[in-house]
Every structure is written in structure tokens, then in C-alpha cells.
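Let's take a friendly walk through a protein model. Have a look at the sequence and the 3D view, and then read on.

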Amino acid sequence: MTAIQWDHPDPHLLNVTVQAPHIDLMRHTNNVVYLQWLEDVAWAHSIALGLGPAQYEALGHGMVVRQHELTYIQATRLGDELVLATWLIHADKLTLQRHYQFVRQSDGVTVFRGRTHFVCVDIAQGKVRRMPEAFFSAYSAAVVPQVS
């Protein structure tokens, strides 16, 4: 395995292997699968920070996607082992910005980059609301410092 050059320090990581159901007519990983992987690694990171589905329910708030920016750099194929990385780049009382970088383990090549802008909503009303203090504390503490 080649050393991985991460876009930001200290990523939260999740390992996946491209499986047969991930493959489309073009014989590579279907774009929709990348969206699922974004959600999987984001939830894994959030849970590691102490904010899983149970905490969202208990606090009556959640973070929902407002916008994704997805860049498919290289195709991934059946059997490829990938490392999914994510970081929180920004957090304020209403929003989060998360970055992603997916790397093929065999050669260390970045195959995908993405960004997601999340907003906090009241689950019952579905309206944008300020984050509960537990959200803001956990998420803002995990924001990676930006290098200028």
C-alpha cells in the first residue's frame, strides 16, 4: 500500500470494498453508491463524536444536507479496497461543512472528493433551527484547522 496524502490532517476513516451490487452497466461503481458512502462515513464520524441517531431523536434536531459537491476523479471497480475519509471544515450555530476524500488502498490514488453543506433542522417541524448546544459543542470541537 502506498502512503496516503490526505487533504486535511486527522481524518475520520472508514474502509469499504467495492462489491458486485455497487457495479453498474459501465462496469464501475455507480455514482449513487458514492452518495451512500458519504452518508456512511459522515454518520460514522458523527457517532464517534457522540451524536448518533438516538441523540438526534432525543434532542429533536438533526443535520440534513442542503448541498453536495461531488467530484469523481477515477473509476473504482469490483474488489477495489477504499479508504473513505471525512473532516468537518466549518461549524456555526446553523450549519456544518464536511469534506470527503476517497482513496484506493492499492496505489494511494484519490478517486473521489466531495463536500457537503448541512443545516440543522427541528425534526418534528422540518424547519431550519439553531443547533442544540450538544451539537454545536461536539461538531465545532471536531473542526480541523485550516492551513492558509
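This is a predicted model: local features need pLDDT of at least 70, side-chain atom pairs count only at pLDDT 80 or more; totals for chains, interfaces and linings use all residues.

For arginine 104 the relative accessible area is 10%, which is why it counts as buried, since the cut-off for buried is under 20%.

Side chains of opposite charge can pair when their charged atoms come close. The count of salt bridges in this model comes to four, and the table shows some of them.

| Salt bridge | Closest N to O distance |
|---|---|
| Glutamate 133 and lysine 93 | 3.3 Å |
| Aspartate 107 and arginine 104 | 3.1 Å |

Asp80, Arg104 and Asp107 are linked in a network of salt bridges. Aspartate 107 is partly exposed, at 31% relative accessible area.

Now for the salt bridge between glutamate 133 and lysine 93. Glutamate 133 lies in helix 3 and lysine 93 in the loop between strand 3 and strand 4, so this pair ties together parts that are 40 residues apart in sequence. Glutamate 133 is partly exposed, with a relative accessible area of 48%, and lysine 93 is also partly exposed, at 31%.

Helix 1 has 18 residues and spans 26 Å from its first C-alpha to its last, close to the 26 Å expected. At its start, a side-chain oxygen of asparagine 30 comes within 2.8 Å of the backbone nitrogen of valine 32. Several residues of helix 1 are buried, among them Trp37, Leu38 and Ala42. Just after the helix, glycine 50 has a positive phi of about 95°.

Which element gives the most to the lining of the largest pocket? Helix 1 does, with six residues. The pocket has a volume of about 220 Å³ and is lined by 15 residues, with Glu39, Ala42, Trp43, Met63 and Phe118 nearest its centre. The lining divides into eleven nonpolar, two polar and two charged residues.

## Two positive phi values

Aspartate 10, in the segment before strand 1, has a phi near 50°, a positive value in a residue other than glycine. Arginine 27, in the loop between strand 1 and helix 1, has a positive phi of about 65°. Aspartate 10 is exposed at 71% relative accessibility, and arginine 27 is exposed at 66%.

Key:
Residues are numbered from 1 along each chain as its sequence is written. Side-chain values use heavy atoms; hydrogens and water are left out. On a 1 Å grid over the protein atoms alone, a cavity is a set of points where a 1.4 Å probe fits but cannot get out, and a pocket is an open set with protein on both sides within 12 Å along at least five of seven lines; lining residues have an atom within 4 Å of a point. Grid points are joined across faces, edges and corners, and a volume is the space filled by probe spheres set on the points. Helices (H or I, at least four residues) and strands (E, at least two) are DSSP runs, numbered from the N terminus. Ala, Val, Leu, Ile, Met, Phe, Trp, Tyr, Cys and Pro count as nonpolar, Asp, Glu, Lys and Arg as charged, and the others, Gly among them, as polar. Buried means under 20% relative accessible area, exposed over 50%, partly exposed in between (1.4 Å probe, protein chains only). The expected span of a helix is 1.5 Å times one less than its number of residues. A polar contact is a pair of N or O atoms within 3.5 Å; within protein, one must be able to donate a hydrogen and the other to accept it, and residues adjacent in sequence count only if both atoms are side-chain atoms. A salt bridge is a side-chain nitrogen of Lys or Arg within 4 Å of a carboxyl oxygen of Asp or Glu.
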